[in-house]
Amino acid sequence: MSFRFPDDERTVFKEVHFNVQAGERVVITGPSGCGKSSLLYLLNRLYPENCDGIVSGQIKLFGKAAADYEPGEINQRIATVFQDPDSQFCMQTVEEELAFTLENVKVPAAQINHRIQKVLKETGLEAFRDSVIQTLSGGQKQRVATACAWVLEPEILLLDEPLTHLDPVTAQEFVAWLRGLHESRNLTVIAIDHQAALWDDFFDREWQMVEAKPVEPSIARVPLQSDEVVLSAKELAVEPIVSPATLNLKKGEIAVLAGPNGSGKSTLLKALCGLKSTGGTVDPKRIGYVPQSPEFLFLTKSVREELLFGGGQHAEDILERLYLNEVRDANPFAVSHGQKRRTAIGAMLCDGRPVIVMDEPTAGQDQAALRELENLITARANEGMTFLIVTHDMNFAERVADSLLLLHAGSLSGPFTPHKAWQDQQLLEKHRLCPPSGGEVHDQPYESFG
């Protein structure tokens, strides 16, 4: 099978051969932009009908040619959790979204309430039944999207980066829950993930769609030389989500903000940037902001223009280093999720502001792109730029962070030295974190940073 979009002379992928047996668990890996998500959309019939894509070769689903299924017919047997959960929500509350999903496949009205109760219990979302979806965190939205897929009781579950927005403990729980579903119903699972190691031994096999790019060596981190405080927030609050918080970041510091899904991390970043009402004072004009949904930043018609828009400092170098040259002329809304995120990050790095705050910048990044991102952050910090980064990836935090800030139920604590925090079992459990892979956890107290 080959596939391309009608306005693009390049194929998304060419002559792909891919087979999955009933009950099998397969993870698809490969560099960002190689067509992994497009392949899933062909398997659930979202493509080619909804993008006028051009397909050659043959796709068979349950032994039947994919083109022979009526519109919507296959989606009662194949359910999908998209990388961006917002893209699949239509209704206001969790209950309404689940009901809408069932009504679309003509489940009798008398059965709908029972099916909703059942799936909420299975997914641990009973407390969120009446919640407004857009008030939930990214991780909570991901769990709701999974519930909406699972309520259809599919035979095949397609998952596009399902762990991306989950805190480490919730990610472990998700994998354990999915393992139970597979064992009870012989569910077939096809997932895209750049970090297959997070799944432990869940998958039967890994299918590498395209050979991974070589990973560059790490840039050495220069120890902090300055005591100059460049970001200072006192009694910063967004009631009732974030309690009054005080934080100070030094010139050239790389700080990581971590904590459970729904603890207020994204809200705190928005408050720092003046995007939420606050009870404290901070100068948002000095801060460059990369949101969890990078599309909110885009203003131009090409990836290159996005990097040039804010000033364009070192734009050509950053295009090369973030593996964006191959899509430099593409519309930023049309590239892969990983490329969108790198475009937004690149635009902020070109903007020249002294402080950059990033919300989940590692999401959807292959190992080569992640290493280059780490190297760019390290290089800019060595030059005096300051970073505050929200992430659930503790391996990333271990490699780049000078300090660790922790948020739980809207209450900020820290800063902590990362290697000491990894050793405090109680601290990790409270914030639903796991130490970096290979790190040992000891019952020793943490130490404050600086």
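This is a predicted model: local features need pLDDT of at least 70, side-chain atom pairs count only at pLDDT 80 or more; totals for chains, interfaces and linings use all residues.
Residues are numbered from 1 along each chain as its sequence is written, and side-chain values use heavy atoms, with hydrogens and water left out.

Q: Which residues touch the most other members of the largest nonpolar core?
A: A nonpolar core is a set of buried Ala, Val, Leu, Ile, Met, Phe, Trp, Tyr and Cys residues joined through side-chain atoms within 4.5 Å, where buried means under 20% relative accessible area, exposed over 50% and partly exposed in between, with a 1.4 Å probe and protein chains only. In soluble globular proteins, nonpolar side chains tend to be buried together. The largest core has 41 residues, and those touching the most other members are V94, L98, L159, F174, L178 and W199.

Q: Which helices and strands each supply at least two residues of this core?
A: Helices (H or I, at least four residues) and strands (E, at least two) are DSSP runs, numbered from the N terminus. By that naming, the elements that each supply at least two residues are β6 (78-81), α2 (94-104), α3 (109-122), α4 (138-150), β7, α5 and β8 (188-192).

Q: Which residues does L159 touch, not counting residues up to four places away in sequence?
A: Contact means heavy atoms within 4.5 Å. With residues up to four places away left out, L159 touches L40, V81, F174, L178, V189, I190, A191, I192 and W199.

Q: Against which helices do the buried residues of α2 pack?
A: In α2, the buried residues are V94, E97, L98, A99, T101 and L102. The helix is followed by K106, whose phi is positive, near 65°. The buried residues of α2 pack against α3 and α4.

Q: How many residues apart are E95 and R129, which form a linking pair?
A: A salt bridge is a side-chain nitrogen of Lys or Arg within 4 Å of a carboxyl oxygen of Asp or Glu, and a search of the whole structure finds 23 of them. The side chains of E95 and R129 meet in one, at 2.9 Å from N to O. E95 counts as partly exposed because its relative accessibility is 28%, whereas R129, at 16%, is buried. E95 lies in helix α2 and R129 in the loop between α3 and α4, so this pair links distant parts of the chain that are separated by 34 residues.

Q: Is R115 buried or exposed?
A: R115 forms a salt bridge with E153, the closest N and O atoms being 3.7 Å apart. Because R115 lies in helix α3 and E153 in the loop between α4 and β7, the pair ties together parts that are 38 residues apart in sequence. R115, K118, E122 and E153 are linked in a network of salt bridges. E153 has a relative accessible area of 38% and is partly exposed, whereas R115, with a relative accessible area of 16%, is buried.

Q: Which residues is T164 in contact with, leaving aside its neighbours within four places in sequence?
A: T164 is placed in the loop between β7 (156-160) and α5 (168-185), and it counts as buried because its relative accessibility is 14%. A polar atom of its side chain lies 3.1 Å from the backbone oxygen of E161. Beyond those neighbours, T164 is in contact with E360, A363, G364 and H392.

Note on methods. A polar contact is a pair of N or O atoms within 3.5 Å; within protein, one must be able to donate a hydrogen and the other to accept it, and residues adjacent in sequence count only if both atoms are side-chain atoms.
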